[in-house]
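Open the viewer and follow along. We start with the whole chain, then zoom in.

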Amino acid sequence: MIERYRKELNPAQLEAVMHDKGPLLVIAGAGSGKTRTLTYRAARLVEDGVPPDAILLLTFTRKAAREMLRRAALLLDARCERIAGGTFHSFANTVLRRHAPRVGLSPGFSIIDRVDMEQLLGLLLKETGAPPDHGAFPRKRTLAEIFSKCANKVWSLEETIDRDYPHFAPYLESLQALRTAYTRQKEQQQLLDYDDLLLKLRDLLTGDPETRDALAGGYRSIMVDEYQDTNRIQAEIVFALARPHGNIMVVGDDSQSIYSFRGADFRNIMDFPRVFPDARVITLEENYRSTAPILEVTNAILSQAQEGYPKHLFTQHSVGPRPVLVHAGSENSQSRFVVDKVRELSAGGVPLEDIAVLFRAGFHSFDLELELTREGLPFVKYGGFKFIESAHIKDLLAHLRVLANPYDRISWHRLLLLIPKVGPKSVEKIYRAGVAAQRGLAGFLPDPLPAGGGAGLKRLRELLDALGDPHLSPSRAGEAVYRYYHPILRDTYDDHPRRARDLEQLLQMMERYRSLERFLSEVTIEPPTAVSDNSLSLADDTADRLVLSTVHSAKGLEWHTVFILWALDGRFPSIHSLEAPEQLDEELRLMYVAATRARVNLFFLSPGYVFDRASGMVLNRPSRFLEGMPAAVLKRESAEIW
DNA sequence: AACCAAAAGTTTTTT
DNA sequence: ACTTTTGGTT
């Protein structure tokens, strides 16, 4: 194998792959073979006798982990599939289920997503009553944002308010009380939000040396991908796991750090050599993805960053078309330009799935989606609004969640409110009685049923009785809920046929699971990524489809041709980032990530004269990140046909 | 107490 | 454009 490694890797990559013990930092520029390096190293470790289940590979998505392990298995053999791999959150879930009591949890805890978090905060907000008026009190959505920021940045509430929400300073006390109430509710109901998963894992690893050593000893070699997008808690987790043996390899690129809104701090990667003083540092700068003209543009974008380590990628692919900045008259002319070009490329033999349209925010592609549908061009969209967060999916899941965790207040609220004549007051009464009974699910809705709304409640109880059978498989339970829920769906939504199809898809996903708890946690931690799909064939995964994606969801991927929509000042960079240099830098890195996805063709689209409702401004200039570039680097073109 | 209609307030990105 | 809040009616 060593011969093969020598042949297929460049010297820097080879050095990283052959690195054996001790800490290693790999700074891997875009397209420099980062995935390849990780994959080969995983295979190399297994080949040299490290048991696969003693290797831990933490990645940004589970899909990325699966793909790397699949490739490692192709390289070496099937043993590589047994390497432990996943995201920090999924790893936390697995570990916590096993060691829950050590951090004061029951192993049956439920995981709640952002929407659930907001809902619970909404309930508590109503309960505590409005504080004395000092201007607008944060809405539940903002509350979730604030509390989550505290957790991710490891800031106190006061610090968070001071720094990012000074206008809420008069409410500090109420906010504090609300946060305490929220924490207490989660404890009582055995709920963990996304942030808790990481916090509890960190606590487990730092507070309990015995478990820490057992775990860390079990994982003799640890690899972390996309290290620039980890936050402080994740860094602490890595540190705790790696400290006993120091066999830790982290890979990342400070120039591609795009998750600071979630607490990620690229200083983690910069500080790695200080935290692990004997760390070896390897830099990968040769780009194997893009042509030289594309790299000229991406290097020029990056050179505008205020902060960060200078970097200059190079390539041996010298020829290729110059990237283009396309001036379009309107949003629709932008869409039509993309459609026409896609048709042209497709006719020239480029597969649709090798073409991507990237944008800053999910809604930026709406007009294009209409145009593509009209033209009959098939596409998949990643990022933006999520399938799993739509009301009908959450409705169905709520019924299943109370089976797994009968004290889950948010789910009871959601499912009871669906019943006619049942409102918030009745829900609370039913919930309180159920909790007081302390008989699990059986304690809810006992005889006699509350008066009023009787028919609906009776139907619900029949459902719950049927679901009480512990031998029921997740998908059978799901089907029962679907039969119960379908009439409600029909009455509530005029687009119920489409929603019914979504639910059927969900039921199909459930068939792969034997444990309901497991299905529920996995679907919450790592929900399916594709959010919309206009191709007619439902089950046809292999269909050749154009890719639409937010830049964030495009991380790590590459395409033959990339279109970047709305390269318009005020949109990209977003108008909200113009004040703070730090935020502007993040927008710049985002543009850099987007542009470095392209192998051959790169188009920036800039529609003129667009009215931005949020700011009340007319946006009509191309992104400041592109505007000053010489024509020799960035070609200008107009999309107007008339 | 539940339901409905009108009004007001919000807009990234994701585990 | 869309969700969330509000006020009024049943």
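Which radius of gyration does chain A have with its 642 residues, and what would a compact globule have? Chain A has 26 Å, which agrees with the value near 26 Å for a compact globule of 642 residues. The radius is taken over C-alpha atoms, and the globule rule is 2.2 Å times the number of residues to the power 0.38.

This is a predicted model, where local features need pLDDT of at least 70, side-chain atom pairs count only at pLDDT 80 or more, and totals for chains, interfaces and linings use all residues. Residues are numbered from 1 along each chain as its sequence is written, while chains are lettered from A and ligands numbered from 1 in the order in which they are written.

**Colour by confidence.** pLDDT is the predictor's confidence in each residue, from 0 to 100. Chain A averages 90. Select strand 12 (residues 530-533): its mean pLDDT of 60 is the lowest among the elements of chain A. Where pLDDT is low, the predicted coordinates should not be read in detail. Now select strand 14 (residues 559-564), with the highest mean, 97.

**Show the cartoon.** Chain A has 25 helices and 18 strands. These are DSSP runs (helices: H or I, at least four residues; strands: E, at least two), numbered from the N terminus.

**Select a helix pair.** Take helix 20 (residues 454-467) and helix 21 (residues 474-492). Their axes, lines fitted to C-alpha atoms over the stretch in contact, lie 10 Å apart at about 170°. The two helices are therefore roughly antiparallel (angles over 145 degrees, on a scale from 0 to 180 between N-to-C directions).

Technical notes. Angles under 35 degrees count as roughly parallel, over 145 as roughly antiparallel, 65 to 115 as roughly perpendicular and the rest as oblique.
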